[in-house]
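Here are a few exercises to work through with the model open beside you. Try each task before you read its solution.

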Amino acid sequence: MKIFIDTANINDIKSAFELGIIEGVTTNPTIISKEGKKFEDAIKEIAEIVGEDTYIFGEVVSLDAENMIKEAYEIKKLHKNMIIKIPMCKEGIKAVSKLSKDGVKTCVTLCFSAAQAILAANAGATYVAPFLGRVDDIGGNGIHLIQEIMEIFEMQGMDTQIVAASTRHPLHVIELAKAGAHVATVPYKTIMQMFEHPLTTNGLAQFMKDWEKVPKA
Ligand code: E4P
């Protein structure tokens with residue numbers, strides 16, 4: 001399972017990319033608004049850090065297909081591997097159908113059901129982004145949603161990849177990997193939490209302490 005980072009914060013992206021394990025960056029209008037920069041500037045700054053082979057996801061904000069498509073082509077110019085996020089709605093699916101026929105890579109976002117994921121796949125979306133944390137927030141089971149979509153996509157031989165979004169903690173990432181999600185997009189804080197285990201911390205401290213006792217030349 002690939003790991004993408006779910007932020008537009010330059011310091012967090014730099015720090016995460018140094019690890020060598022991140023293959024993409026996802027944004028949405030809320031994530032962009034936190035950085036206090038113009039959308040185009042935020043994406044260009046990210047592109048400078050991650051290089052041209054990394055996927056960067058940028059979202060359209062129009063609500064009709066015609067303008068979504070116009071925006072998609074503008075966003076696409078910002079980076080070689082730009083993925084255009086388009087919200088799940090009738091106009092969005094119309095735009096994705098057209099863009100996918102023209103070879104533009106898309107991600108249908110704000111997906112909360114298997115029915116919506118089927119529509120996205122049939123429109124030719126490159127990715128669909130089910131929001132598991134937000135499903136959990138209202139008493140649903142986000143992981144069950146991912147499992148259901150995976151099962152359908154596998155059974156139907158659908159090419160659309162699942163980029164599981166709205167991940168909130170390391171257990172989400174583990175469960176996503178077990179469910180076979182293609183990608184988990186994960187906030188910086190959660191990536192850092194994934195490193196943590198008290199036995200690792202204590203074990204390393206003990207190794208360092210014992211190393212002091214080893215005679216040195
Ligand atoms: C992806 O970019 C999604 O928009 C994002 O993961 C949503 O996360 P949230 O539910 O924590 O806002």
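**Exercise 1: a residue in a strand**

Ile56 has its place in strand S3 (residues 55-59); strands (E, at least two residues) and helices (H or I, at least four) are DSSP runs numbered from the N terminus. Before we start, note that this is a predicted model in which local features need pLDDT of at least 70, side-chain atom pairs count only at pLDDT 80 or more, and totals for chains, interfaces and linings use all residues. Residues are numbered from 1 along each chain as its sequence is written, and side-chain values use heavy atoms, leaving out hydrogens and water.

Task: decide whether Ile56 is buried or exposed, and find which residues it is in contact with, leaving aside neighbours within four places in sequence.

Solution. Step one: the relative accessible area of Ile56 is 0%, so it is buried (buried is under 20%, exposed over 50%, partly exposed in between, with a 1.4 Å probe and protein chains only). Step two: apart from those neighbours, Ile56 is in contact with Val25, Ile43, Ile46, Ala47, Val50, His79, Asn81, Met82 and Ile83, where contact means heavy atoms within 4.5 Å. Step three: Thr27 is 29 residues away along the chain, yet its C-alpha atom is separated from that of Ile56 by 7.8 Å.

**Exercise 2: around the ligand**

Task: list the residues that surround the ligand, then look for polar side-chain atoms beside its oxygen atoms.

Solution. Begin with the surroundings: Asp6, Thr26, Thr27, Asn28, Lys85, Phe131, Arg134, Ala165, Ser166 and Arg168, each with a heavy atom within 4 Å. Next, check polar contacts (N or O pairs within 3.5 Å; within protein, one atom must be able to donate a hydrogen and the other to accept it, and residues adjacent in sequence count only if both atoms are side-chain atoms). A side-chain N or O atom of Asp6 is 2.5 Å from a ligand oxygen; for Arg134 the distance is 2.6 Å, and for Arg168 it is 3.0 Å.

**Exercise 3: a salt bridge in a helix**

Task: how far apart are Lys178 and Glu175 in helix H9 (residues 170-179), and how exposed is each of them?

Solution. First, their side chains meet in a salt bridge at 3.5 Å, N to O (a side-chain nitrogen of Lys or Arg within 4 Å of a carboxyl oxygen of Asp or Glu). Second, they are about one helical turn apart because 3 residues separate them in helix H9. Third, Lys178 counts as exposed at 62% relative accessibility, whereas Glu175, at 22%, counts as partly exposed.
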